Every structure is written in C-alpha cells, then in structure tokens.
Amino acid sequence: EYQVGEALGDSLQAIDDGFMYRTGDNTPSIVFHELRPDGSTRDVSVAGCLVTTFNVACLPHPQGHPPLSCAGAIPTSAVLAADGNIWYTDSQNSAIGRISPDGRCRTFSHGLTRWHGGPQYLTVGPNRTLWFTEVRDRIGAVTLDGRIREYSAGIPQRSSIGGIVAAPDGNVWFTLYRGNELALMQAGKRIERFRKGIYPSTGSDYGPDSVPSFDRRGRIIFN
C-alpha cells in the first residue's frame, strides 16, 4: 500500500508496460520514477518525451532526442498524433501546442474561447483530428493543420468536464464530474448524456472525472 499524497507525490501515471510512474515537477530534465509491483523503484529516461501535468507522450523513436519542451509552455496533457508530432494542451496559457521530432514548437489558439478557455485532456480521434476538454464546459477538436472548433451545446454549465477518449466507431466519450454523468459526442456532433447506473444516481458534486478507456469487449470504463 502506498500513500500517494505523501510518499509518492501527486502525479502518478500508468504507462502501457503495466508499471506506475510519478514525476517530481514539470521541468524538462526530470526522469520518471518507475514503481514496480514489488515496491521497488528505478529512474526511467524521458528522452524524446514530453512530460505534462497529466501524462507523458513520446516520439516513436525517442532514442537520441533530449526531453521535449517549448519555451513558456506549461503542458497539461499530450499525445503522439498521426503526423508524427507530439501535440499538447496548455491550460494555463489557453493554447494547443505542437512539437515536431526536431524540436520545433508551434502554438494554436484561434478558435478557443477568450479569457482562458483552459484546454485540458487530449485524445487522438478519427480523421486526423484531436479532441480535447476545456475548463469552461466545452470540448474541442483540432485538426493537424491547427484548425480549432469548440462544442458546448448540450453540456450543462458548471458540469466540470473530466477526461475524454475517442472510440473505434468515431464517437467521442467524456466525463462530467459535477454533472455526475458520462457524455457522448456522436459523429454528427450531437451530445448525449447518461446518468443511469452512475452512483449516486440522484446527482451531486461527486461524479466520474477519469479519462475513459475501453476493455477488450469494447465496453467503456471510467471512474
């Protein structure tokens, strides 16, 4: 048993190899601390990777690359996109960013809500589009050439959007923490919300806020 807030810090991540990782801060020189099932740890290089507040994203062939960073950026979440670049959200600067394998950085903000829309979680969607959540009760889509579009119809105010994931069928699922709901953005851009079966079903400030995922049977998993 580990006290996450004490012994391990607050930024604990699960990576595809099944181990857990944590980071000490958001500086580009840090390493991950791999937490093994037996409780032992070891440092893991983040060469060719971008460390964010929520996760880590790496180039396909990270060897020989320095840790990725962009001047002035405070990455919140990141993914490796189909164009081979690392894309990230920057909630504090209200921007979407892109880092190429050679380290070139570019940011995009046209199309985001003014006064700090706050893009947060990011996921790879179909048709070379990335989807993200925002602090101000919106989700958004950004194409790989930097065009941004937001969606808010059907999302209640102050619902506190959590994580987001794109499904194999092209639809996008996301969680509503204060709304105590799971929401679906269908390919036709219509949003549908689901509450039945989510405890507490009467609705409260306690609801799902994780990044949804899918099991082997295609069922959505969230908490």
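This is a predicted model: local features need pLDDT of at least 70, side-chain atom pairs count only at pLDDT 80 or more; totals for chains, interfaces and linings use all residues.
A residue counts as buried when its relative accessible area is under 20%. At 0% relative accessibility, Trp87 falls under the cut-off and so counts as buried.

Trp87 has an aromatic partner, so let's look there next. A search of the whole structure turns up three aromatic pairs. One of them is Trp87 with Phe108, a stacked pair with 5.5 Å from centre to centre and 15° between the planes. This pair links distant parts of the chain, with Trp87 sitting in strand β8 (residues 86-90) and Phe108 in strand β10, 21 residues apart. Phe108 is buried too, because its relative accessibility is 7%.

How many disulfides does the model have? The count comes to two. If you number the bonded cysteines in sequence order, the pairing reads 1-2, 3-4.

Cys70 and Cys105 are joined with an S to S distance of 2.0 Å. Cys70 lies in the loop between β6 (56-58) and β7 (77-80), while Cys105 belongs to strand β10 (residues 105-108), so the bond ties together parts that are 35 residues apart in sequence. Is this disulfide of Cys70 and Cys105 left-handed or right-handed? The torsion about its S-S bond is about -90°, so it is left-handed.

Cys49 counts as buried, with 5% relative accessibility, and Cys58 counts as partly exposed, with 29%.

Now for the charged side chains. The structure holds four salt bridges, and three of them are worth a stop. Arg104 meets Asp102 through their side chains, 3.0 Å from N to O.

Next, Arg138 forms a salt bridge with Glu150, and their closest N and O atoms are 3.8 Å apart. That pair links distant parts of the chain, from Arg138 in strand β13 (residues 138-143) to Glu150 in strand β14 (residues 148-151), twelve residues apart. Arg138 itself is partly exposed, with a relative accessible area of 24%.

Then there is the bridge between the side chains of Asp145 and Arg147, at 3.1 Å from N to O. Asp145 is partly exposed at 46% relative accessibility, while Arg147, with a relative accessible area of 55%, is exposed.

Let's finish at Glu181. You'll find this residue in strand β17 (residues 181-185). Is Glu181 buried or exposed? Its relative accessibility is 8%, so it counts as buried. Which side chain does Glu181 contact? That would be Arg193, joined to Glu181 by a polar contact of 2.7 Å between the side chains. Have a look at Arg195 as well, in the loop between β18 (191-194) and β19 (213-214). Arg195 and Glu181 are 14 residues apart in sequence, yet their C-alpha atoms are 4.7 Å apart in space. Arg195 counts as partly exposed, at 30% relative accessibility.

Note on methods
Residues are numbered from 1 along each chain as its sequence is written. Side-chain values use heavy atoms; hydrogens and water are left out. A disulfide is a pair of cysteine sulfur atoms within 2.5 Å. Buried means under 20% relative accessible area, exposed over 50%, partly exposed in between (1.4 Å probe, protein chains only). Helices (H or I, at least four residues) and strands (E, at least two) are DSSP runs, numbered from the N terminus. A polar contact is a pair of N or O atoms within 3.5 Å; within protein, one must be able to donate a hydrogen and the other to accept it, and residues adjacent in sequence count only if both atoms are side-chain atoms. Rings of Phe, Tyr and Trp (its six-membered ring) pair if their centres lie within 6.5 Å; planes under 30 degrees apart count as stacked, over 60 as edge-to-face and the rest as tilted.
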